[in-house]
Amino acid sequence: MNFDIVVVGGGPAGMAAAYSASEKGSKVLIVEREAKLGGILNQCIHNGFGLHYLGEELTGPEYADVWQKKLLKTKAKVLLSSVVTKIERLGDRNVVVHIKNSEGVSKIKTKAVVFSMGCREKPGSAINLCGTRPAGVFAAGEAQKLVNVHGKLVGKKVVILGSGDIGLIMARRMTCEGAKVVGVYEIMPKCGGLARNVAQCLNDFNIPLFLSTSIVKIVGDKRVSGVVVAPVNPDFSFDLTKQKLVKCDTVLLSVGLLPEIDVLNEFNLERSNVTNSVVVNQFYQTKIPEFFVCGNVLHVNDLVDNVTVESLEAGVCAANFAKTGKTTKKPIEVKLDKNIRYTSMKYVYKNTGSVTLCFRVSDEFKNAKIVAKSGEEIVASVFKPVVRAGQIEKIVVDTSKLKNDLNLCLEVA
Ligand SMILES: Cc1cc2nc3c(=O)[nH]c(=O)nc-3n(C[C@H](O)[C@H](O)[C@H](O)COP(=O)(O)OP(=O)(O)OC[C@H]3O[C@@H](n4cnc5c(N)ncnc54)[C@H](O)[C@@H]3O)c2cc1C
């Protein structure tokens, strides 16, 4: 069977991209390896989804349901319990997608592919976690699925490593389920999650957050019996003179996400050292013009609303490309100063309307002015009383004002 666009992954990114591409008249297939659409939203039973885009605070499954209903009103086809295992690019708008499911292996031809496979969690081995290997060490999202979807409380006395949003949300969740969370330990001097999650998930439940402190080793034989924690020096070595044993039966790791980009590995696409993903231009398109990337697999988003907005745009761009095959030739590279870690898109084009650059800063800055310059001219600027590394920021640039360069910098007033 032939399609204009195959979307790989049916989380919020994939659903939004499939929806907008389908609304543009493309024949779309969305392939999801789980038995239902929704991605990570299905296990996020807390509220906090949709406040910006839908103007209401929904739970993850409710937000997924809104988009599933929208999608089902389009002509897009959905293939569940099916994994995309390989992609072959045969030529101009000629791509073959290999799919594996209970019926075997099939191949589907398409003009373009939108990759929206989300992220997987970093395991303990990725951060050189020392000590014994007892039961009771979980990735926080894995524990979230066990608690929220399968109804299994994974432990009673919990230490959480990492203060990103998943760690904070699981601290609250475990407490609500009757477990005691003895502390959230964060190697960095600042919390990694959203300020609203610190207030609602830790402060409201009197859960202590220990900054510049980390786990030196896991202790336990068959089951975790504790962790040794120690302050972290500015050079990230441990101050072992102050190490101490914290008793617990469970450790949840919330130490970062890695893009599920495996099916793109063989294509040798340009990568970002910061996001660990491939880089895209303002149309969410990689250097291989048939390949579009959006959602968490492109860069980790703290809010699903942003995933939706970007992916709707990616779907439209993929649909335009599938129809015309046109690509814009000479891109301008977005250059960043040291205070800006990355932008969601690395390349933009002159005279292509307004482009919204999403970015993260490298630290916390007060009275920050973010300035986009081209040549000697300031083409856009945004003032923020405070910006934090854990939060995505945006700046809108009018590409008709661009010369041959674009520099994004953060100045502190
Ligand atoms: C614990 C947690 C709490 C969060 N809390 C909030 C919150 O309160 N508010 C908020 O706005 N946002 C929150 N977020 C963020 C938001 O949920 C994510 O940014 C969003 O779900 C990312 O969407 P996605 O579609 O890119 O990825 P995902 O939701 O991960 O979806 C990717 C999908 O792709 C599928 N897939 C992967 N590889 C393949 C393949 N090869 N073949 C077929 N299918 C494949 C996966 O099965 C999955 O369904 C939270 C995230 C987490 C993890």
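Student: How do the residues of the shell around the ligand divide into nonpolar, polar and charged?
Tutor: In this predicted model, the shell divides into 18 nonpolar, 14 polar and 6 charged residues. Gly counts as polar here.

Student: Which residues that surround the ligand are the closest, and what makes a residue count as near?
Tutor: The closest are Gly-9, Gly-11, Gly-39, Gly-118 and Gly-295, out of 38 residues that surround the ligand. A residue is near if its C-beta atom, placed from the backbone, lies within 6 Å of the molecule.

Student: Why is the ligand said to lie between domain 1 and domain 2?
Tutor: Both domain 1 (1-121 + 257-327) and domain 2 (123-255) give residues to the shell, so the ligand lies between them. Among the elements that each supply at least two shell residues are helix 1 (12-23), helix 4 (165-176) and helix 6 (304-324).

Student: How do you know what span is expected for helix 6?
Tutor: The expected span is 1.5 Å times one less than the number of residues. With 21 residues, 30 Å is expected, and helix 6 reaches 30 Å from its first C-alpha to its last. Gly-325, with a positive phi near 70°, follows helix 6.

Student: Where does domain 3 lie relative to domain 1?
Tutor: The C-alpha centres of domain 1 and domain 3 lie 25 Å apart. Their contact takes 14 residues from domain 1 and 17 residues from domain 3.

Technical notes
Residues are numbered from 1 along each chain as its sequence is written. This is a predicted model: local features need pLDDT of at least 70, side-chain atom pairs count only at pLDDT 80 or more; totals for chains, interfaces and linings use all residues. Helices (H or I, at least four residues) and strands (E, at least two) are DSSP runs, numbered from the N terminus. Domain bounds come from an automatic or database domain assignment. Two residues are in contact if their C-beta atoms, placed from the backbone, lie within 7 Å.
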